[in-house]
Amino acid sequence: MERFVSLFVTGVAQGAVFAVVALGFLLIHKATGVINFAQGDLVTLGAYIAIWAATDLELPLLGAYAVAVAALAAVGVLIERFAYAPIRDRSIHVVVISTLGAALVIRAVIVLWRGTSPTRLRGPLGFEVVEVLGARIPKQNLLIIGVTAVCVAALWLLFHRTQFGRQVRALASDRMAAQMQGIRVARMSMLTFGLAGGLSALAGVLIAPTRAVTVDLGFGPMLYAFAASILGGMGSIGGVVVGALAIGLVQQLGGGYLSPDYAEVYPFVLMLLVIALRPQGVLGSEVRARL
Amino acid sequence: MPGSEVGTAPVAAEPAARPARDRDVRPPVYRQRQLHGVAAVAALVVALSLGVDSAFGHGLLHSWLIYSVVGLGFYLVFSLSGQFAFSQGAFVGLGAYASVWASEGRSFAWGLLAAVVLSAAVALAFAVLVVRSDHFYFAIATLAFSHIALIVFRELESFTAPGGEIVGIPKPDLFGHRFASGQDLALLLGAFLVLALLLTALVERSPLRREAVAFRDNRQVAATVGVPVLRLRLGMFVLGSTYAGVAGCLFAHTSGFISTESFALELGIDIFLVVLLGGAGSMWGPVLGAAFVVWAPEQLRFVGEYRALIYGALLVAVVVAFPGGLVGLVEAAGRWLRRGRGAVRLRSVGERA
């Protein structure tokens, strides 16, 4: 039982981080119709900027987190300006390669700036644990779950209760019609890239205290966030969050009860099955084509 | 080469029959001269393998030839049929491990056979599994596939080796001859590249190319005008992935050492660069791009640690500003020269009038 509770909470916490990354994908995908393959390296960069602000600038931890989120929002806008805006009307492949190139640049900058040796980011709660049903749960995991819940709620409100959200949804449902109604496409894509950048930094500072920080920190979460988006059908916030939690749980429970060697494989097997059997996603209903 | 005469015969008649609009689809510089190009590459490989005498030079030559084969496969999958596959590097790994596994205690030919059969079979199974995915989902599925493949190479020790590291792989032997020297190896790899080029040229000269391009540019429209979309998509993916498998087999037996790191993300990025930098619009792009990717790091040693940064920036710059790549630059130069001649002729006509 302790084992199950422990694996379950870790799975939910990991899933929560994947959800934050996946929400960034969702935002950009809704507003522009593309996927930003640099998201994973933005997560890494966010964690490194927080480490830099906390150690080199000696800011308090929350201040360092805020610096990371603000910096990454700016980086998101930069990526939009240099790697997406000039080629907005070209084929999807070009956009993917271009964001991939941006990812390489970010990765290389991190290596040049901080080197390749692993470092650590302190969590605000250190290594404290609480006992739940006999299982020792790191408080950081509970913090991750709490922050993600707040973040999801805020995004839901943003999507469904503000002018910005209405415009994003309009772009997602019919790009051309939305454009003809006077929605400023360029501004919206800058805003969503910026917001997604901030979200990746948040994911970075949430996940960094649970593991060693290397330049590969964000790669795994990005892949799992892809898987989560596919499970959720790339449609709604709820779908993506449920998909992300499922991915986190499958990874932890599969690793715990089947074989830890293949823990990283189970979520992808689930994802490939979803692509094979229900490509519109378990919870999604959208089938669209960009002609 | 006896096949070249048969192959070139219909070529002379073809451009005249083709409507002018269609002609622009094909790069003019290389229009219908694939077999000349293959012969030129073959001659170049022979000349280089005889001319180079240092082990280091042979190493570069081997890398160029292997990268070219991988790139040609990716050209079929990505450039021609527009399938965004991150899996090419994983298939190189699959071919490498399969050939080492099958050739242990046997001849190299068994390893080659295993690499071909296994990479083709796995590619087909995977492509069938994700056949309903569109662009992004396919890209993500192939990314997941290569992630899974790396973990399997590391963990499935009965197929690979503890930790996925294998040393002391014997050099290839065919027909009783062991290709041990750098020169022999270069000639063998060159022969494989020529085979790969010939097969690609066949695709280029058949309706397959036209259908693949139609499929790439608009799947729905291609399907409605009768392009066998499913067969095309699976066929090109399997063919291109098999190129990668063969290249993996050659890589393992040439270098004598493989580990999972050989097939990680860096290889995938190099493959992208090979095809995009060389020029995604032409079958010669990967050959040129491979030469650049292998040769440039040696020439640009002073950039050292900035290499990854430059590669990333180069990738963005190429797709944003030079979508034709190196081949595109060559073509632009050719067009510029011809336009110069054309302008002169026009002026002389004007003077006469």
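Start with the whole structure: over all chains it holds eight salt bridges. Keep in mind that this is a predicted model. Side chains of opposite charge can pair when their charged atoms come close.

**Stop 1: salt bridges in chain A**

Select A:Arg114 and A:Asp56. These two form a salt bridge, and their closest N and O atoms are 3.5 Å apart. A:Arg114 sits in helix α4 of chain A and A:Asp56 in the loop between α2 and α3 (61-84), so the pair ties together parts that are 58 residues apart in sequence. A:Arg114 is partly exposed, with a relative accessible area of 23%, and A:Asp56 is partly exposed with 46%.

Next select A:Glu128 and A:Lys139. Here the closest N and O atoms of the salt bridge are 2.9 Å apart. A:Glu128 belongs to the loop between α4 and β1 (129-132) of chain A and A:Lys139 to helix α5, so this pair ties together parts that are 11 residues apart in sequence. A:Glu128 has a relative accessible area of 40% and is partly exposed; A:Lys139, at 26%, also counts as partly exposed.

**Stop 2**

Move to chain B and select B:Glu204 and B:Arg209. They form a salt bridge whose closest N and O atoms are 2.9 Å apart. Are these two residues buried or exposed? Both B:Glu204 and B:Arg209 are buried.

Then go back to chain A and select A:Asp41, A:Arg107 and A:Asp216. Salt bridges that share partners join these residues into one network.

**Stop 3: where the chains meet**

Show both chains together. The contact takes 47 residues from chain A and 41 residues from chain B. Between them the chains bury about 3,900 Å², with 80% of it on carbon and sulfur atoms. Select A:His93, A:Ile97 and A:Leu112: they supply 16% of the area that chain A buries against chain B, more than any other three residues.

How many salt bridges are there between chain A and chain B? The count is zero. Three residue pairs are in polar contact across the interface.

Now colour the helices on the chain A side. α4(A) gives the most, with 15 residues. The residues on this side of chain A divide into 34 nonpolar, eight polar and five charged.

**Stop 4: buried residues in chain A**

Select A:Gln39, which lies in helix α2 (residues 39-55) of chain A. At 1% relative accessibility, A:Gln39 counts as buried. The side chain of A:Gln39 makes a polar contact with the side chain of A:Asn36 (3.2 Å). Residues that A:Gln39 touches include A:Phe25, A:Ala196 and A:Met222.

Go on to A:Asn141 in helix α5 (residues 139-161). A:Asn141 is buried, at 6% relative accessibility. Among the residues that A:Asn141 touches are A:Val9 and A:Thr210.

**Stop 5: a buried threonine, then the cysteines**

In chain B, select B:Thr242, found in helix α12 (residues 229-255). B:Thr242 is buried, with a relative accessible area of 13%. Leaving aside neighbours within four places in sequence, B:Thr242 is in contact with B:Val116, B:Ser119 and B:Ala120.

Finish with the cysteines. The structure holds zero disulfides over all chains. A:Cys151 is buried at 12% relative accessibility, and B:Cys249 is buried at 0%.

How values were computed:
Residues numbered from 1 in each chain as written. Chains lettered and ligands numbered in written order. Predicted model: local features only at pLDDT ≥ 70, side-chain atom pairs only at ≥ 80, totals over all residues. Heavy atoms only, no water. Contact = heavy atoms within 4.5 Å. Buried area = accessible area lost by both parts, 1.4 Å probe. Salt bridge = Lys/Arg side-chain N within 4 Å of Asp/Glu carboxyl O. Polar contact = N/O pair within 3.5 Å; in protein donor to acceptor, adjacent residues only side chain to side chain. Helix = DSSP H or I, 4+ residues; strand = E, 2+ residues; numbered from the N terminus. Nonpolar A, V, L, I, M, F, W, Y, C, P; charged D, E, K, R; others polar. Buried < 20%, exposed > 50% of the residue type's maximum accessible area, 1.4 Å probe, protein only. Disulfide = S-S within 2.5 Å.
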